[in-house]
Amino acid sequence: MTAKQTMPSDEDLVRLAQSGQLDGFTGLYERYLPKVYNRVRYLVPESDVEDVTQEGFITVFKSLRGFKGTAQFSTWLRTLVDRRIADYY
């Protein structure tokens, strides 16, 4: 990436994903996978971390059209992931 190129914002990626462009979701996934994985790893037994992380992103994918942008994407994402963690227990 050159100095003139900038990373797309979460909002840009959300708009792309909401319009059906897989690149938008892929960008969000790649950006947030480490954070989500670490959050889940902190709260779920190691043997189930990957499954709960995957379920979190499946939920995000299915719910993304309903994201209105009234909160930051990262806050919304954490809420969905926390719900999947709660469902685990």
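The mean positions of the 12 positive and 12 negative charges of the chain lie 7 Å apart. This is a predicted model, in which local features need pLDDT of at least 70, side-chain atom pairs count only at pLDDT 80 or more, and totals for chains, interfaces and linings use all residues. Residues are numbered from 1 along each chain as its sequence is written, and side-chain values use heavy atoms, with hydrogens and water left out.

Q: What makes a residue count as positive or negative here, and where is its charge placed?
A: Lys and Arg count as positive and Asp and Glu as negative, while His and the chain ends are not counted. The place of a charge is NZ of Lys, CZ of Arg, CG of Asp or CD of Glu.

Q: Which secondary structure elements does the chain have?
A: The chain has four helices and zero strands, in the order α-α-α-α from the N terminus. Helices are DSSP runs of H or I with at least four residues, and strands are runs of E with at least two.

Q: Why is L13 called buried?
A: Buried means under 20% relative accessible area, exposed over 50%, and partly exposed in between, with a 1.4 Å probe and protein chains only. L13 has 5% relative accessibility, and therefore counts as buried. Buried residues make up 30% of the 89 residues in the chain.

Q: What does L13 touch beyond four places away in sequence?
A: Contact means heavy atoms within 4.5 Å. L13, in helix α1 (residues 10-18), touches P8, D23, G24, G27, L28 and R31. The C-alpha atoms of L13 and G27 are separated by 6.5 Å, with the two residues 14 apart along the chain.
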